[in-house]
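Reader: Could you walk me through this model, starting with the ligand and then moving on to a helix and a strand?

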Amino acid sequence: MKPKIYATLPIPTDVEKFLSEYCEVRKWIGEDRISRETLLQDIKDVNGLLTSGIRIDDDLLENAPNLKVVSNVSVGFNNFNIEAMKQHNVIGTNTPYVLDETVADLTFALILASARRIAELDRFVKDGNWNPTKDDQLVFGLDVHSSTIGIIGMGRIGEAVARRAKFGFNMDVLYYNRNRKPEAEEKYEAEYCNLDSLLERSDFIVLLTPLTPETEHFIGEREFALMKKSTFFINVSRGKTVDEAAMIRALENKEIYGAGLDVFQKEPVEKDNPLLKMPNVVTVPHIGSATKKTRDAMIMRAAQNIVSALTGKGAIDSVY
Ligand code: 8YV
């Protein structure tokens, strides 16, 4: 009897072919995101769940007594209730490594787009407002090269950002992390400093911490008040690592110069969110890893994780 797995997101053909060699594959084929109700119904007898962003808690685990593994198609796993999964003896896996460079690219896209006002001036030109007689200062931005970047969370993606900053943009690299990263200090002349010093000295602050109970609202009113008025805040981690209301106030009060945001407290972000009306805030819809090549690599890795766990070879990327 092949183990049964359920996928809540579309699976490329080659991945489905790989999975079908080892498992009986069932999947959600609806247009929209699967509802909680349907999900709990559909997974009653499955052994493995291939998913992304779905809350894995006691309620779901009670509903799936045969579940042995939940494989996230993401590196972040704040959707896992780890204690509940341990109690139900369910393995949790994620997809590290395969997205590091793609997320680092998007991070720099947000740095460049916010500093050089790309989104705003793209609209400016397309709205027919480009008038050569007008004072050039109207379109001035701020330099990225030779400035100072502050990386909060120097993991693999943080190091990929540091490499781009050092060797691509001749930037000074500061970082704050739970533990020192001697290699990054060696390779990118990255300077380890305490959080407040990083916040006070950086021109671009990049938040790259996972969302955990310790990092919820890690950046709030106090932290924004320490930043320079010329600073750009870049969030490519999770919306809830930032106190969004405090960020909105800091932007409205010009305590910081601008922001580049890939993630929001609520996703999709509400249409009336004040951030969406600020020309000095660049917003994108959680696209950190959103390239075909990288997403295909993520779902193949997640498939390998689920097969490995269900064929007794243990989990390649277990999160606990
Ligand atoms: C995912 C991400 O695409 O990997 C992560 O942690 O945030 C993205 O790569 C996203 O989680 C999909 O919901």
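This is a predicted model: local features need pLDDT of at least 70, side-chain atom pairs count only at pLDDT 80 or more; totals for chains, interfaces and linings use all residues.

Reader: Which residues surround the ligand?

Author: The ligand is surrounded by S52, S74, V75, G76, L99, R238, H286, S289, R295 and M298, where a residue is near if one of its heavy atoms lies within 4 Å of the molecule. By class, this shell has three nonpolar, five polar and two charged residues, with Ala, Val, Leu, Ile, Met, Phe, Trp, Tyr, Cys and Pro counted as nonpolar, Asp, Glu, Lys and Arg as charged, and the others, Gly among them, as polar.

Reader: And what is the distance from a ligand oxygen to the side chain of S289?

Author: An oxygen atom of the ligand lies 2.6 Å from an N or O atom in the S289 side chain. Taken alone, the ligand exposes 320 Å², of which the protein buries 80%, with areas from the Shrake-Rupley method and a 1.4 Å probe. For S52, a side-chain N or O atom is 3.1 Å from a ligand oxygen, and a polar backbone atom of G76 is 2.8 Å from a ligand oxygen.

Reader: Switching to α7, how many residues does it have?

Author: Helix α7 covers residues 156-169, which is 14 residues, and it reaches 19 Å from its first C-alpha to its last, close to the 20 Å expected at 1.5 Å a residue; the expected span is 1.5 Å times one less than the number of residues. Helices here are DSSP runs (H or I, at least four residues), and strands are E runs of at least two. Just after α7, N170 takes a positive phi of about 50°.

Reader: Last one, what does the side chain of T93 make a polar contact with?

Author: T93, in strand β5 (residues 91-93), makes a side-chain polar contact with the side chain of S71 at 3.2 Å. A polar contact is a pair of N or O atoms within 3.5 Å; within protein, one must be able to donate a hydrogen and the other to accept it, and residues adjacent in sequence count only if both atoms are side-chain atoms. T93 counts as buried, at 0% relative accessibility.

Terms used. Residues are numbered from 1 along each chain as its sequence is written. Side-chain values use heavy atoms; hydrogens and water are left out. Buried means under 20% relative accessible area, exposed over 50%, partly exposed in between (1.4 Å probe, protein chains only).
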